[in-house]
Each structure stands twice: as C-alpha cells, then as structure tokens.
Amino acid sequence: MTRPIIGITVDNNDNETCYESPYAYATAVEKGGGLPILLPYRADLSLVSQYADLIDGMLFSGGNDLDPHAYGEDWHPKVSPVDPLRERFERALMAEVERRRTPTLGICLGSQLMNVYRGGSMHQFLPALDRPNAIEHRKTGGDVGRDGAGAFNRHEILLERDSAAAGAIGKTEISANTSHKQAIARVGKGLRIIGKAPDGIIEGVEDPTMPLWLGVQWHPERLHEEKEHLAVFSLLVERASKRN
C-alpha cells in the first residue's frame, strides 16, 4: 500500500549555512505510517503550490520565535528570532495547505504559527508572567540527542475529551515533555483550545471544521517510542491517507 506523503518543514544550523531537521520528525512520521519529505524554506514562493501538490499531509516543525509585530508587539529581549525567510515561506505554505484543507499538524513553533497566522497572539517569555503555581516550561536537564530525545521536564496535559488528539491517543490526560519559553495568549480565529498544562498554559489547539488542523506545544516526536505520543503522527497519516 502506498504511504501518504507528509511534508516536514526544516530549520537552519547555527551558522545559517545549512538546512537541518532532527531525525525524530521523519522517524515519527515513518513509524506512524507516512512517507516523510523535507521541504526547503529558501525556495521561491512561486513554488509553494507545487510543494502542496506533492504532499498528502503537512507537519510544521519546531524552531525559534515568530516576529511579534504580526500581533502588534515589539520583540521581547529574551526571544530568539526564527529566520525571517523561514517564517515567510511557512506562512505562504500554511495559507496554501489551509486553502486545500490538507491535514496538518503543528509542533511547538508550528502550533504557534497556526495561532498567529489565524490572528492570535503569544506570551513571548513565560518566566516574565506573574502566574501562581507556574510550571517551568523551558527545557532543563541535558542536551538533545541525535534523535531529538534528551532530558526534559515533563508535566501532565489535560485534553478535551471530544478533541481529535484525545480520540487518537485514547485518553484525556497524558505526560508530555516541555521545551518552550513562549505560549499562546489570544487564540486565533476558528481555533479552540484542546489541551492545557496544570498551570493553565495552552498546550494544544485545533480547528474542528478541518480534516485535521492540530497544533501541539509539546514535542511528541521526541517521545515517539511512547504509544500515546506516536498516536499524534498516526492520526496525521490516517487523515492524510483519506486524500489518496
């Protein structure tokens, strides 16, 4: 049986001379039943529609921080800007896959782009917020390995029972890793909150009117050895297979 093709966005290395993508994104898509392909973001925007022609599903991966001017704010001094060419390309690609109703999963930066693209806003630096019972959401405890795994804080995430994520995972409470300093503030148009951390930080959003339009703030690709986290990729592949 032919596997559905899942496009994956990429990042750049620290010297901004090469594309890079942690192995775990492609591995998780493959284990979920898809055929992963990496999409180079320094392509001419006129090629976006041809990239969209190639794929059955889309995965917007993690990375640095979006330009806050999109939601009316200046840069916080603690943020790390994503390559503007990457943001430009991914905005164009997101518009195209949304128009085509291509099943789409956003992870970390990908989920944030889904929100800001729909007119939402971000908390730019969580430690600056005055929040009672705040959890440390930033990565601590070791380096990320070659497969994208590593030592991370973990916390519970409560999922809405009727969400696509909860349906795929088979439960409404999961233990997830955490590696982010930003989080959704104002939710974008057409999105609903489907997951929160115990301190109230938004960890998942979806547009229930789409075949799949799911954004998760945690990194399920780094936990693909765990059944409930691999289920997110299996869900993407399953929805993408219906387009064939």
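Start by selecting H180, in the loop between β9 (173–178) and β10; helices here are DSSP runs of H or I with at least four residues, strands are runs of E with at least two, and both are numbered from the N terminus. Before going on, note that this is a predicted model: local features need pLDDT of at least 70, side-chain atom pairs count only at pLDDT 80 or more, and totals for chains, interfaces and linings use all residues. Residues are numbered from 1 along each chain as its sequence is written, and side-chain values use heavy atoms, with hydrogens and water left out.

Is H180 buried or exposed? H180 counts as buried, because its relative accessibility is 4% (buried is under 20% relative accessible area, exposed over 50%, partly exposed in between, with a 1.4 Å probe and protein chains only). Show the side chain of H180 and look for the backbone oxygen of Q182, which it reaches at 2.7 Å. The H180 side chain also makes a polar contact with the side chain of E203, at 3.4 Å. A polar contact here is a pair of N or O atoms within 3.5 Å; within protein, one must be able to donate a hydrogen and the other to accept it, and residues adjacent in sequence count only if both atoms are side-chain atoms.

Next, select α4, residues 109–117. This helix is mostly covered, with eight of its nine residues buried: L109, G110, S111, Q112, L113, M114, N115 and V116. What do they pack against? Colour β5 (57–60), α3 (84–100), β6 (104–107), β7 (122–123), β10 (183–184) and β13 to see the partners of those buried residues (contact means heavy atoms within 4.5 Å). Step just past the end of α4 and you reach G119, with a positive phi of about 95°.

Now for a helix pair: show α1 (residues 23–31) together with α6. Their axes come within 8 Å and cross at roughly 65°; axes are lines fitted to C-alpha atoms, for helices over the stretch in contact, and angles run from 0 to 180 degrees between N-to-C directions. That makes α1 and α6 roughly perpendicular to each other (65 to 115 degrees; under 35 is roughly parallel, over 145 roughly antiparallel, and the rest oblique). Pick out A28, V29 and K31 on α1, and L230, F233 and V237 on α6, to see who makes the contact.

Staying by α6, select E226, in the loop between β13 (213–216) and α6 (227–241). E226 is partly exposed, at 26% relative accessible area. Its side chain joins that of R154 in a polar contact of 3.0 Å.

Then try E156, in strand β8 (residues 153–159). E156 counts as partly exposed, at 30% relative accessibility. Leaving out residues up to four places away in sequence, E156 touches E173, I174, S175, K196, A197 and P198.

Last stop: L35, in strand β4 (residues 35–39). L35 is partly exposed too, with a relative accessible area of 41%. Which residues does L35 contact, leaving aside neighbours within four places in sequence? Select R3, P4, I5, I6 and V29 to see them.
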